[in-house]
Amino acid sequence: MPSRGSALLARHRRNLTLLMRFGVVGVSGVVVNMVTLILLRKLGPHFDEAVVGLGTSDFNLRWYHVYSTIAFLVANLSNFQLNRSWTFQSSRASGWWKEYWPFLAVGLGGQVIGLALLTLLMHPHSPVSLPTSVFDDSSGLRNRLYWSQLIVIGLVTPMSFVLNKLWTFAAVRTGRPDLADPLREEEVLAEEEVV
């Protein structure tokens, strides 16, 4: 029987491998996201124009919110398929729709948080707004929208990894929601060995 230390090391090694694969898929997702965002920006109205006003507040639903959401949906679908077939290798264990809905739910939660962060980075009166003196939209490398989107992706990705690993590709795939809690995983598996 392996020692607790070697079992922990093996589990962490597997988690690091999964994180690296998730990262590679994530990089491809960033490319898909950014290409979609750039195309939408070039084909649609100016990204900073208001689509709908939000009550009496200073905030509006802007085209960058719409572009970001469409780019998210396209990248989410791409990332799901790659994570399903390569990172977590769950394509044989569960139906496509059964895993996609939780993956989409996790992604939508991240997108809501991402849209709030995007608004803070883009809104000129926000304390964390990207400075227009540097990001003056004069070129692709100085575009506020592109940099804001990249920052949001970087901040939301770790949460997405954890939730997808624990819920979408583990508990849902195995039909074992009791394994979704990593703090109880060893305890649950030990109880099964006794039985």
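Helices (H or I, at least four residues) and strands (E, at least two) are DSSP runs, numbered from the N terminus. The model is predicted, so local features need pLDDT of at least 70 and side-chain atom pairs count only at pLDDT 80 or more, while totals for chains, interfaces and linings use all residues. Residues are numbered from 1 along each chain as its sequence is written, and side-chain values use heavy atoms, with hydrogens and water left out.

**Exercise 1.** State what helix and strand content residues 21-41 have, and how far apart their end C-alpha atoms lie.

Solution. Start from the record: UniProt, in an unreviewed entry, places "transmembrane region" at residues 21-41, 61-80, 101-125 and 145-163. Such positions are given in the numbering used here, feature names are shortened, and annotations may be inferred rather than shown by experiment. Residues 21-41 are 100% helix and 0% strand, with end C-alpha atoms 30 Å apart. For residues 61-80 the values are 90% helix, 10% strand and 27 Å.

**Exercise 2.** Characterise the lining of the second largest pocket by class and by element.

Solution. On a 1 Å grid over the protein atoms alone, a pocket is an open set of points where a 1.4 Å probe fits, with protein on both sides within 12 Å along at least five of seven lines; lining residues have an atom within 4 Å of a point. Grid points are joined across faces, edges and corners, and a volume is the space filled by probe spheres set on the points. This pocket holds about 450 Å³. Its lining has 24 residues, with F72, N79, I153, T157 and S160 closest to the centre. Two or more residues each come from α1 (4-43), α2 (63-87), α3 (96-122) and α4 (144-174); α4 gives the largest share, 7 residues. By class there are 10 nonpolar, 14 polar and no charged residues. Here Ala, Val, Leu, Ile, Met, Phe, Trp, Tyr, Cys and Pro count as nonpolar, Asp, Glu, Lys and Arg as charged, and the others, Gly among them, as polar.
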